[in-house]
Amino acid sequence: MYRPSKAVNPKHYRGRSDMLSPEVKTSEEIGRSSQLSFAQSINAALRQALELDPGVFVCGIGADTPAGIFGTTKGLVDRFGSKRVFDTPIAEAGLTALAAGAANAGLRPVIIHQRLDFMLYSVDQVVNWMAPWRFMSGGRAKMPVTIRAIIGKGWGQGPQHTKSLHTWFAHVPGLQVVMPASPSDAKGLLLSSIMSDDPTLFIEGRSLFSMQEDVPDAPYFIRLGEALVRRAGKDVTLVSMGSMVPIALQAADALSKANIDAEVVDVRCLMPLDIASILTSVKKTGRLVVAEPGWRMYGAAAEIIATVVETLGEMRSRPRRVAWPQSAVPTSSKLEEQFYPTSDDIVAACRASVTES
Amino acid sequence: MAIREPTPVSSSLQTRLELYRTMYLIRRAEEILMAEYHPADQMRCPMHFCVGQEAMPSALARVIRPNDILMSHYRSHGYYLAKGAPLDAMVAEFYGKKTGANLGIAGSMELASHDHHFYSGAIVGGSLFMPFGGAFAQKYRGVDDISVSVIGDGVFDEGITYEIFNLAALHRLPLLIICENNKYAAHTPIEKRQAVAKLAERAQAFGIPFEKHDGNDPVLLLETLERVVPEIRAGKGPRCIEIATYRFCGHVGPGEDEDMGYRSAEELKQWKMRDPVAALRHQLAESMEQRQLEQLESSIDAQVHSAIAAAKRAEWADFNDIVDMNWSGEYASIVEFKSRDVSTFKGSQSEALPGPF
């Protein structure tokens, strides 16, 4: 049994408790849609953002090349020209500085890193300048920068192409961290990130890029800081994010065959974090497993579990987390297979959670 | 203020009087603040005084326009006043009060006045790369505003500097880089930091034309700016002006660092004999009545004393308001949130791990 040490101050989470009940949507509201991959959805969001606001520009290493960063920027330079879509030198710090200064002067930059690892050259620009810029101005300034950072996984991406440092950045006041898990979320969340007045790190799992979904053709926005219950269930709350969400859904399917009904909550954003939706679900199930595509120690799973435990009076069983081992990622394909948690690991954690009580 | 015609300014008494007014304001604001700083200890933030370095900000004040961007290193008080930002708000900022330019959040080191497009910051490099991004936005919009970056010789020790030189030249941005070479980065002389102690020459290596001048001659600096700034406005790309100057105070605080051993008393004495404020006053006294100068000076002294008295009386900002300023939570006006869950992604699609590249 877990008891709270102190009530959660909802202000610290910027969650949207007033938005908890999903609005019923009609087909008219969504309009026409098309089957798109995750990569095509990113491309559609960028195209529509460039159409919607003349202050939006897109740059990064390879942004205007025919391959177009895994297809995500393909065709944009032909449509919008090299003033608004351009390649950059291998100068991540300079590129980020360009975005920060331009955003302060009223533009809405989107910068792209083909691997999140590369953006570590720009930590000064992101953490020391963009993040506190509004605060230091006494609430006067805006810093509408979107940083797309792609995480490699598989086929030997190794220690320097695979890091997912979402919690580093979610830790810093002033930043937003978005981790989309599906093509339609990728589009709606990217459009919202670009149109948000706060600096946003938009983390994309490369392993999601070929996944397909019906994606509305028109531009639409998903408010940052709203989780989504992707599968309703009553036995255990399975919270996940980014590239771990499809694996959590596979685990939920497997669990249902064993008569365990998992509720899968996709947090979609780490900051702002919709802690209210997670609490609502755990109050119902009494059990919590968090599956995170990142290192175990000091991670998002740790933060979510700590907050739930602090807040709820009682739980039916100990919370559990499924995350990466506390090790750099090996390149060797055999070792890599053993490194990443699978749906079997999530199934085992959920089963243990349910059988404990 | 409008840009002045490039007339032979050195012969104009009026121009020299205007330069003196700004130089005297900067000098006296610093001197009076220094006297109040300790032991009263009511301005509780590190302050880097610019006594001795008044000539360039005063010259710049005559050519910079309200819409131009100006960002200075942390020795920023002179440039803040040069941009036309209010003295009262600067002093209140040092006292940490709600009437401060940044509600007391920024203090001296991150002093800014967003309404005047004036910024500064504590971390070396920011005053180069933030206005560089501003210059990108100005060129993007096709306006003839410019961005002015004021850096010290210490910036040439940072790696980001060379990314910015390259990108500013590559994009032919309307950026004026003013390098105040006062020979010391904190307490370290330039000879201990650089194998080849050349500064502006490095900008030239990236395609940025440079010139070097005596930084304590305000008339010469004004003539230089009146020649260089219109070229930048005309789209001829970035320029770098390096000036030789000297701070009479120590690195931080009102002392002279006489006990720190990094500079000699003789060197300081030599530079004080070239005091730019005293020199200009001496010139003016030859063509004006002593009484006129004294009137001007006593009216400025009264402004500074009145700013200090007002700052002491002012209230503190509310802590709860302050912590809410880290994020705006706002979006561009075109954004409408309609539906919480566009996503129909409930199934369990397999990951697409990348194949051989």
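Reply: Start with contact: two residues are in contact if their C-beta atoms, placed from the backbone, lie within 7 Å. This is a predicted model, where local features need pLDDT of at least 70, side-chain atom pairs count only at pLDDT 80 or more, and totals for chains, interfaces and linings use all residues. Residues are numbered from 1 along each chain as its sequence is written, while chains are lettered from A and ligands numbered from 1 in the order in which they are written.

Me: Which residues is A:Val177 in contact with, leaving aside its neighbours within four places in sequence?
Reply: They are A:His166, A:Phe169, A:Ala170, A:Leu201, A:Ile203, A:Cys269, A:Leu270 and A:Met271.

Me: What makes a set of residues a nonpolar core?
Reply: The members are buried Ala, Val, Leu, Ile, Met, Phe, Trp, Tyr and Cys residues, joined through C-beta atoms within 7 Å. Buried means 20 or more other C-beta atoms within 10 Å of the residue's own; exposed means 12 or fewer, and partly exposed is in between. The largest nonpolar core here has 211 residues. A:Val177, A:Leu238, A:Ala248, A:Ile346, A:Cys350 and B:Phe132 touch the most other members.

Me: What touches what between chain A and chain B?
Reply: 55 residues of chain B are in contact with 70 residues of chain A. α5 (126-141) and α6 (160-170) of chain B each give two or more to the chain B side. α5(B) gives the most, with eleven residues.

Me: How many helices and strands does chain B have, and why is chain B called compact?
Reply: Chain B has 13 helices and eight strands. Its radius of gyration, 23 Å, is close to the 21 Å that the globule rule gives for 357 residues, so chain B is as compact as a globular protein of that length. The radius is taken over C-alpha atoms, and the rule is 2.2 Å times the number of residues to the power 0.38.

Methods. Helices (H or I, at least four residues) and strands (E, at least two) are DSSP runs, numbered from the N terminus.
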